[in-house]
Amino acid sequence: MISSDMIMELVRLILYVVGFLTFAALNAAYLSLMERKIPSWFQLRPGPVEVGPWGLLQPVADGLKLLSKQILTPQGADLILFKLAPVMVVVPGILCLVTIPFSNMIVARNFNLGLLMIFSFGAVGVFAILLAGWASNNKYSSIAAARVVAQNIAYEIPMLLVVISLVFVTRTFNLHTIVDQQMGGFWHWNVLNLKASIMMPVAFLIYFICMLAETNRAPFDMVEAESELIAGAFTEYSGMGFGLFFIAEYVNIIIGCCVGTILFLGGWDCPFGMLPGLHWFLIKMYALCFAVIWVRWSFPRTQFYGLLNLSWKILIPFALANLVLTAFMLKLFHHA
Amino acid sequence: MEKQVEVPPGLIHFAMLDDVLNMARANSLWPMTFGLACCAIEMMATGASRFDMARFGCEVFRPSPRQSDLMIVCGTISRKMAPAVVTLYDQMPEPKWVLAMGNCAISGGPFKFPGQYGIVEGADKLFPVDVYVPGCPPRPEALIEGILKLEEKLRGKRCFPTVEAQ
Amino acid sequence: MSTDAQSVLNETFVLNLGPQHPATHGVLRIKLTMDGEYIVDADPVIGYGHRMHEKMGENRSYAKFLPNAGRMDYVAALFNGHGYVGAIERLAGITVPERAEYIRVITSELNRLSSHLLWLGAFLVDLGGFTPLLYCFDDREQILDLLESVTGARLTFCYYRFGGVCNDIDDDFVAGSRKFIARLRSRMPMYDAFVTKNIIFRKRAEGIGPISAEQCRKYGATGPVIRGSGIAYDVRKVEPYSVYSKFNFDIPVFPECDCMARYKVRVEEMVQSMRIIEQALDSLPTGPVMAEKVPRTLKPAKGDCYFNVESARGSFGVRVVSDGSENAYRLKLRSPCFSNMSLFRECSEGMLLPDALALLGSLDLVIPDIDR
Amino acid sequence: MKIPALKSKFEAIAARGAPAPVAGAEATAPIPLVLDTPHANKGIDLDVTVPAERVVDAAKIMDDAKFMIEAITGVDWLAEHQLEVVYDFTHVESGERVAIRARIPRDKPELPTISHIYGGANWHERETHDFFGIIFTGHPQLIPLLLPEDAKFHPLRKDFTA
């Protein structure tokens, strides 16, 4: 009994899958180019310019080269886990994209629990890096694997606390609804929703810091601490195995920035209440991505204990305070 | 270390695909972060603002040999270091290239004398070398020219103009 | 790490850091015995860059060894040249014309600036910040342009000769040096704002890697390491060589003994170097730059002597033993990095790996200088 | 400033220990030999020659006077069939330099270590061992430092051929 609805649904599904894969791959490729171009502007140099016009073919060349590289498996590595880890790190990242509303119309699946789904899939990536580090049979990778678990657990907590306090305000996990609530200009956005909690800007800052840490970006790049652990958990990966980690890193950044845009910056809403749409969403998201890259090239790496101290001694107390304050203010002023 | 796996030659060759792949490889030579001696400083200078290797897409210095395509042997290889250098070469995945930077990596340079006990007289005593860049140390321009020569070797033709000496 | 915590986790493993590792600046290898991320024992294994300089000093004539001097500590090559020619001049009793000494001081101090700039960038790379390196290299290239115009080399300078220098400096060089100093002066506040005041940098450098004054004495650590531990030992002041006694400059000393103190010493030294260069340029005498009657083949009389210069990394010493022939009988090169590095094992005990790498970076090591 | 006081201390070493007769060596200078040397010509202020077994005492004198260890090196006197070990010390405040020399026969190149007094001597002694094959008795880790781990040769000996 194949109804036309089911066929339409199938077509829609395939279109979205193809679309998301393209989106993820293109973003990873061109963010990696931006990762090389943007710092080159900070650093008084031209950056990649010779490969294609303005260096635009650079990611293509890199991708093709990585695809055609030999894939080495180190002796003593856990074969199955070693090969599984790069896949495991990319798949949840792309799955998260399913529930993100890019505009009023463009959303693959409008779940009621979209926010929860993103955070639960986001947690899987950590295990993939843990597996990669452990399966590589390399001491540097093992240290990096141990670090990534400690780091992600430490930063998951303040991040979720911030998100919970936000959910208090929005009263839904549905990302589409969350954006809808913020429509009508930047003063309606959650980041400036001082009526709900006067600590909202702080909450956004905590979210941004946690996002940097969760995506293992500098100054919290303990996993790939280049001057300490060679290439961290990815030391033994060659060719596209490494390429997948590379893609996953940028996909995770994209998701982090998407969620930040949706939760705090009003999604596809225009700051001045005109012409809402996909373009505003992308502008906000890429602005956040730019900030991520900016931070990376401006700061040295923190120490590991500094990182944990920041989470447990500063971010978690602030996030908790924010949670309590939000709950209190909601009860007091909004009779929730 | 692990045995080097011989990469079997393809049964069928696609000329077009090979061209494209070689073009991609030539434009994405990721060198290994690997400094042996004096020349390493000039290698750093080549990556820095004035000369900027990044223009040609080869500034991605990978600290792990597994992710690098190009080994720039920049400096003297001592006999104590030689096994480690060979290991690093073996750890790099195919296809890989070696650029011998400076006289020491070419022939032992100023440290070669009768009765020497400490150095390997040239990187090509240990593994095949694709491009030799002479100098002690070579200027950054020379290293960039060496990388362009390697691109030329990969693609079979040169896509950047040569500058005639004045 | 406290002792009871160590007894609970009494499981150590050996981590081989190097010889190819991004933090070791070359071919240093450290055999680390680790307890988690804490270092129980760090045994540096050196010699991967051993290039037989001392053997070469014995089997070639004095003049033929000159290029070697620039290839030991190649980041600060002129100091090695200065130390070497100074020792031979002392042995053979050659007096150097005053203009040549002034030129030596100017070029040496420019070299010190370039070396410290390189260190500043490399130290930040060790701590995970890449961008400052590019700014430091930008400034460093200006110095290299100046030095290239007189020495003909960018890195491994071989400029000093027995009895003077091989090229006289011209007005362009003098003007260029003044212009460069003005430029670097204007950029120092930028480095201060972006590096010294950076909170992450401060957290990573302050209180990290303590080296006591007593340890410095027992291990012979010199240069910014000993001055970062509160001892004002600088060969330029304590036993002035060349014409350093004619200039007015301070020896920066910081008593905190940590990485931050060593960082501050080097930054302050850059300021002092600029002062010295300006004074030397102002009072540059005229005259020849090469002593007359220096024989083509030197044959110093039997005997030995010792000569020290303050290199960018510490006290660089040369002990020459002559048997009256045209080759040195024995040429001992005392490199500052060797002594500074030997401290590492004692100091890194119980440190975290990233902190130990910060300590390693703050020692400013040039590996072929250690291995010679 | 401290040099006269040091001089008498070094002379006291000789009073306590008679010079060891060196078999097969040519006539050597009386030990210890304490020489004032002009700093401007020699680069050192005091040139001391002590018997090989007294280097530890000499190092203690240097340590008490708060001198810093600068370097340890060897010289191969092939014609005299002897090896000389030179210890360089510097005072960090006054800049005075003292060189302590000890001569040992080439057949039995043994000398007590001073690495328990000066930690930095550890590496210098290992280097001297590498280059000259001088055995520092009591040294905690006398394995090749600059040469490969399995090196059996001593390149700076005058009769070395690769």
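**A helix and its surroundings**

Tutor: Helix α5 of chain B, residues 140-155, has 16 residues, and at 1.5 Å a residue it should span 22 Å; its end C-alpha atoms are 23 Å apart, which agrees. Helices here are DSSP runs of H or I with at least four residues, strands are runs of E with at least two, and both are numbered from the N terminus, while the expected span of a helix is 1.5 Å times one less than its number of residues. This is a predicted model, in which local features need pLDDT of at least 70 and side-chain atom pairs count only at pLDDT 80 or more, whereas totals for chains, interfaces and linings use all residues. Residues are numbered from 1 along each chain as its sequence is written, and chains are lettered from A and ligands numbered from 1 in the order in which they are written.

Which residues of α5(B) are buried? They are Pro140(B), Leu143(B), Ile144(B), Gly146(B), Ile147(B), Leu150(B) and Glu151(B), where a residue is buried if 20 or more other C-beta atoms, placed from the backbone, lie within 10 Å of its own, exposed if 12 or fewer do, and partly exposed in between. Seen down the axis of α5(B), these buried residues fall within an arc of 155°, so they line one face of the helix; the arc is that of the directions from the helix axis to the C-beta atoms. An α-helix has 3.6 residues a turn, so residues three or four places apart point the same way. The cover over the buried residues of α5(B) includes α1 (15-26), α2 (38-47), β2 (97-101) and β3 (131-133) of chain B. After α5(B) comes Gly156(B), whose phi is positive, near 85°.

Apart from its neighbours within four places in sequence, Val73(B) is in contact with Leu36(B), Val98(B), Leu99(B), Ala100(B), Met101(B), Ala105(B) and Ala123(B), a contact being two residues whose C-beta atoms, placed from the backbone, lie within 7 Å.

Among the five pairs of chains that touch, chains B and C have the most contacts, with 30 residues taken from chain B and 26 from chain C. On the chain C side, α3 (66-69) and α6 (131-151) each supply at least two residues, and the largest share, four residues, comes from α6(C). By class, that side has 13 nonpolar, eight polar and five charged residues, with Ala, Val, Leu, Ile, Met, Phe, Trp, Tyr, Cys and Pro counted as nonpolar, Asp, Glu, Lys and Arg as charged, and the others, Gly among them, as polar.

Chain C itself has 16 helices and eight strands, and 61% of its 372 residues count as buried. Chain C is also in contact with chain D, through 29 residues of chain C and 26 residues of chain D. Chain A and chain D, by contrast, do not touch, and their nearest C-alpha atoms are 24 Å apart.
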